[in-house]
Amino acid sequence: ALVRATSIDATVPPAWSRWRSWESLVGGWSAVVALPLLAIAAIVLGVVAWSLVGHVRDRRGINVVGYHSITAGLGERTRELTASLRDVGVPVAAYDLDVTSAREGEQLATPAERYDTTIVVAPAFEVGKAERAHPSLFDGRRLVAGYWFWELDEIPEAHRSGLELVDEVWAPTRFVRDAYAGATDRPVRHVPLAIAEPHVAEVERADLGLGDDDFVVVVSFSHLSVMERKNPLGAIEAFRRAFPDAAGADARARLVIKTINAELKRDDARRLRSAAAGDDRIEVRDGRVDHAALMALVRAADVFLGLHRSEGLGVQIADALWLGTPVVATDYGGSTDLIDASCAEVVPASRTPVRNGDGAYPGTMSWADPDLDAAAAALRRIADDPDHTAQLAAAGRHRMAAGVDRGAAGRAVARLARCPSRP
C-alpha cells in the first residue's frame, strides 16, 4: 500500500481521481476518520519534539552532589560552590549525601532536575557512595568532576575507585592539586572558591565566658576530622610552653578548645580532657553552636591556633583572618594558599609518619610535625608585642579581601562545565 501511495503518476490527476486513489488505499469512509487522526498525530509529534528540544536545552546546568547539610568545612564548601553558581545564573540541582551526624538541618529532598554536569564535593573514597545514591548522575552521558579535599601529599589506594568514576579532578588548593596530579592521568585543575567574610553573633566577651583582661587562645575542630590531624594535644603543649607561669605572670592566659562530635569519638575526647587536666586555664568546650556564635568566639580571641598536621584548605584559619584575629598555624598543607609570614605566624614543621590516622590516613604515609617551641615563641610574640599583633590582624584581613570573590569563582566553574553564566 505504501508503494502504491508513493508511486502515483507525476502528472496531476483530476481532484476526484486523486480522492479515489486515496480511498482505494485506506478503504472507503475510513478516510474520513484517518485524515483527522493523521493531523492530530502530526500535532502531537510536533509538541513532543518541541518539548524534547526544550528539555535538552533546560538540562544545561550543574548537579552539585555533596554534604550540603553538615556543619564541618566540607559542608561549608559544598554550600559555597552551590551559592557561587546560582549567583551567576547557573541552574543547580543540590543532591545531598546522607550522613547520620554533624547535620545542621534536615537532609535536602532529592531534586527533580538532572543537569548535564555533575560535581561531587566529597572525599574521593566516597564517590562510590554518591554513585550508588544517585546512579543517573553517573550514566556516562555527562561530565563528572570530583571537587576533592585531601590532607596528605600522597593518594592512598582507597581513592582509586573514585578516580575511575570521574572525568576530571578539581582541587581547592595547589597542595591538593599536586597530590592528585601525581596519582592520575585525568585532568587535575586548581579551582579555588571564594571564602566569604563570616557572619558573627554580636555578643560581649563576658557572654562568651571570657574576661576583658584574659589573653585568649582558641583552637576549634570536629572530632570527625580526626583529632590526631587537628593536633589539639600539640596546641596544649605549645600553650603551656608559651605561658608556663600559671600561678603568676601568665595566670590570665587562657586556652579554649572548642569541639563538636566528642560523643562519636569518646576515646579521643577522653585523651583530650586528660591532656588538659591540671591547668585551670585550659578549657574544653564540646557541643554544637551556630556558626555565628562560633565566629564570635574566634573574633573575641587574641589568637587562633592551628597546629594541624595537614589541611586540605583550612576554612577556620580563613575565618580568623577575615575577623582580624592573629593566626598561628603550621606551615604545611592547603593552608599555605591562605597564609605566609606576611599575614600570620607560620610554624615550621618536619615530616613524621602518620599515626592514629583513624583509618582515613594510612600509616605508610607522612604528614607534618609542627615545631612546638616555635609555636610557643609565636604565641609569646603576639602576647607581648601589640604593634606586631595589629600588623598581623590588618594583613590577614587584607589577604582575605584580596582573594577570589564569589562571582569570579562561579564563572570559572561554569566555564569548566561549559555552562553559560551571567557576567
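User: Where is Asp358 placed?

Analyst: In this predicted model, Asp358 sits in the loop between β13 (349-353) and β14 (366-370). Its phi is positive, about 60 degrees, although Asp358 is not a glycine.

User: Why is Asp358 called partly exposed?

Analyst: The relative accessible area of Asp358 is 45%. Buried means under 20% and exposed means over 50%, with partly exposed in between. The value of 45% lies between these cut-offs, and therefore Asp358 is classed as partly exposed.

User: What makes Val226 buried, and where is Val226 found?

Analyst: Val226 is found in the loop between β7 (215-222) and α8 (227-230). Its relative accessible area is 7%, and the term buried requires a value under 20%. Val226 is therefore buried. Its phi, near 75 degrees, is a positive value in a residue other than glycine.

User: Why is Leu294 called buried, and in which helix is its place?

Analyst: Leu294 belongs to helix α11 (residues 291-300). The C-alpha atom of Leu294 is separated by 8.2 Å from that of Ala201, a residue 93 residues apart along the chain.

User: How do you know that the span of helix α13 agrees with its number of residues?

Analyst: Helix α13 (residues 372-384) has 13 residues. The expected span is 1.5 Å times one less than the number of residues, which gives 18 Å for α13. The end C-alpha atoms are 18 Å apart, so the two values agree.

User: Which residues of α13 are buried, and how do you know that they are on the same side?

Analyst: The buried residues of α13 are Leu372, Ala375, Ala376, Ala378, Leu379 and Ile382. They cover an arc of only 160 degrees around the axis, and therefore lie on the same side of α13. An α-helix has 3.6 residues a turn, so residues three or four places apart point the same way.

User: What makes the approach of Asp371 to Asp373 a polar contact?

Analyst: At the start of α13, a side-chain oxygen of Asp371 comes to within 3.0 Å of the backbone nitrogen of Asp373.

User: How many residues line the second largest pocket, and how do they divide?

Analyst: The second largest pocket, with a volume of about 320 Å³, is lined by 16 residues. Nearest its centre lie Pro192, Leu193, Asp337, Leu338 and Val404. The lining comprises 10 nonpolar, 3 polar and 3 charged residues.

How values were computed. Residues are numbered from 1 along each chain as its sequence is written. This is a predicted model: local features need pLDDT of at least 70, side-chain atom pairs count only at pLDDT 80 or more; totals for chains, interfaces and linings use all residues. Side-chain values use heavy atoms; hydrogens and water are left out. On a 1 Å grid over the protein atoms alone, a cavity is a set of points where a 1.4 Å probe fits but cannot get out, and a pocket is an open set with protein on both sides within 12 Å along at least five of seven lines; lining residues have an atom within 4 Å of a point. Grid points are joined across faces, edges and corners, and a volume is the space filled by probe spheres set on the points. Ala, Val, Leu, Ile, Met, Phe, Trp, Tyr, Cys and Pro count as nonpolar, Asp, Glu, Lys and Arg as charged, and the others, Gly among them, as polar. Helices (H or I, at least four residues) and strands (E, at least two) are DSSP runs, numbered from the N terminus. Buried means under 20% relative accessible area, exposed over 50%, partly exposed in between (1.4 Å probe, protein chains only). The arc is that of the directions from the helix axis to the C-beta atoms. A polar contact is a pair of N or O atoms within 3.5 Å; within protein, one must be able to donate a hydrogen and the other to accept it, and residues adjacent in sequence count only if both atoms are side-chain atoms.
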